[in-house]
Every structure is written in C-alpha cells, then in structure tokens.
Amino acid sequence: MSREGALLVMIGVVVVLLGLGVLAWLRRTRRDAGLAAPVGEIPSGAQARAVVSGLYVATTRHDEPLERLAIRGLSFRSRVDVIVTDRGVALDLTGQPRMFVAAKRIVSVDQAQVAIDRVVEPGGLARLSWRLADDVDAAVVDSYLRPQDGSARALVDAIADTLRRPEAGTDTADTSDSTAATPPTGTDA
C-alpha cells in the first residue's frame with residue numbers, strides 16, 4: 001500500500017469515528033431533551049455565605065459519575081462562579097443564564113474524585129446532588145464542581161451549612177425530607 005493510500009485509510013477511520021461521536025451526542029441530547037436546568041435568579045433578600053470560582057465539570061445521573069447528561073446549559077465543562085446563599089446555590093457558568101438550585105431541591109453535598117473524564121486527587125471535586133424539579137419524587141442528578149482557589153471541602157462545608165441552618169421564615173427548608181437537612185457524612189474516594 002502506498003503512503004497516500006495509508007493516509008486515505010487513516011482519514012477514513014477518523015471521519016467514521018467522528019461521525020459515530022456526533023451520532024452518539026445527538027442521541028444523548030434527544031434522550032435528555034425533557035430535562036431542564038433550574039434557570040433563575042437568587043431570591044431577593046437571600047444572603048451570600050460564600051462565593052467560589054472554579055470549573056464546572058459535569059452533571060450526571062445520580063451516583064453514576066460516568067454518565068453525562070445533556071441538559072441545556074449544563075452539557076459542557078465551563079468556568080463557574082458558585083454563590084452559596086442561605087436559600088440555595090447559584091451557578092454562573094460562562095455564556096449561560098444563571099442557574100439557582102433552591103435548598104429544598106438539594107439532596108446532599110459531598111466530595112468526589114471522579115466525574116466523566118476528570119480524575120483528581122481524592123476529595124478534589126464537590127458533588128452537589130439535587131432534584132430536577134421541586135417534587136420530592138423528581139429525578140436526582142449530581143453536578144461536579146472543581147474550586148480553583150479554595151478547597152472542595154470548604155465549598156462542601158459552606159453548602160452543608162446552608163442545609164443545616166435554613167433561615168427562619170423561608171420555605172426553602174423541607175424538614176419532612178431528612179436527606180435535605182442532613183449534612184454530608186463522608187467523602188467519596
């Protein structure tokens with residue numbers, strides 16, 4: 001086989017692999033078309049408890065860190081500013097509208113090491129588990145965050161503190177759901 005022939009075969013293989021990747025992504029976006037990110041502003045009167053800059057890594061199915069969800073606004077890795085308030089967590093991803101996960105939607109928060117194609121030191125990622133809707137029976141997803149200047153532990157502690165100490169008079173704490181008010185108990189390795 002000539003050098004040109006080998007080059008054509010290699011180009012053909014690359015084109016086929018890229019085509020399969022595009023088809024897989026299109027299938028994934030169709031599968032997840034009914035899932036929506038919690039787009040919205042921080043409620044008026046909410047008090048910021050922490051602001052952390054870093055990387056948004058991915059949102060996956062709950063307890064399936066290698067199964068990326070193609071939720072509009074949360075599909076791709078991005079820079080993020082995480083604002084932890086007394087009423088929930090806001091995510092400001094580059095080029096996306098603000099997303100606000102109300103405290104009543106947060107199921108748990110802990111540390112992780114692996115998400116999709118990102119492997120870091122043990123406990124280097126903050127994993128925020130939250131419901132896709134206000135309904136207690138709504139599907140739960142995990143969003144992974146990698147703080148840039150601080151530690152994942154500090155971010156997890158700030159969010160857990162919000163879950164432990166909901167402000168009096170707000171409707172964001174659902175005390176009938178014990179998982180929403182329970183702080184994390186350990187780390188994922």
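In this predicted model, strand E5, which spans residues 99-102, sends Met-99 and Val-101 to one side and Phe-100 and Ala-102 to the other, and all of these residues are buried. The partner of E5 is strand E4 (residues 88-93), with which E5 pairs in the antiparallel sense over 4 bridges, and within this pairing Ala-90 stands opposite Phe-100. The hairpin that E4 and E5 form has 5 residues between the strands, and in this hairpin Gly-95 takes a positive phi near 75°.

E9 pairs in the antiparallel sense with strand E6 (residues 106-112) over 6 bridges, an arrangement in which Ile-106 stands opposite Trp-130. E9 is also joined by 6 bridges to strand E10 (residues 140-147), again running antiparallel, and here Leu-128 stands opposite Ser-143.

Thr-59 lies in strand E1, residues 48-61, and it counts as buried because its relative accessibility is 0%, where the cut-off for buried is under 20%. A further polar contact, of 2.6 Å, joins the side chain of Thr-59 to that of Tyr-56. When neighbours within four places in sequence are left aside, the residues in contact with Thr-59 are Glu-67, Arg-68, Leu-69, Ile-71, Leu-74, Val-141, Asp-142 and Ser-143.

Leu-74 in turn belongs to the largest nonpolar core, which has 31 residues, and together with Val-82, Leu-91, Leu-145, Leu-155 and Ile-159 it touches the most other members. At least two residues of this core come from each of E1, strand E3 (78-85), E4, E5, E6, E9, E10 and helix H2 (152-164), and H2 gives the most, with 7 residues. Ile-159, residues up to four places away in sequence not counted, touches Val-84, Val-89, Ile-106, Val-109 and Leu-128. Apart from this core lies another, of 8 residues, among them Val-57, Ile-116, Val-120 and Leu-125. In soluble globular proteins, nonpolar side chains tend to be buried together.

Definitions and conventions: Residues numbered from 1 in each chain as written. Predicted model: local features only at pLDDT ≥ 70, side-chain atom pairs only at ≥ 80, totals over all residues. Heavy atoms only, no water. Buried < 20%, exposed > 50% of the residue type's maximum accessible area, 1.4 Å probe, protein only. Pairing = 2+ DSSP bridges. Polar contact = N/O pair within 3.5 Å; in protein donor to acceptor, adjacent residues only side chain to side chain. Contact = heavy atoms within 4.5 Å. Core = buried A, V, L, I, M, F, W, Y, C linked by side-chain atoms within 4.5 Å.
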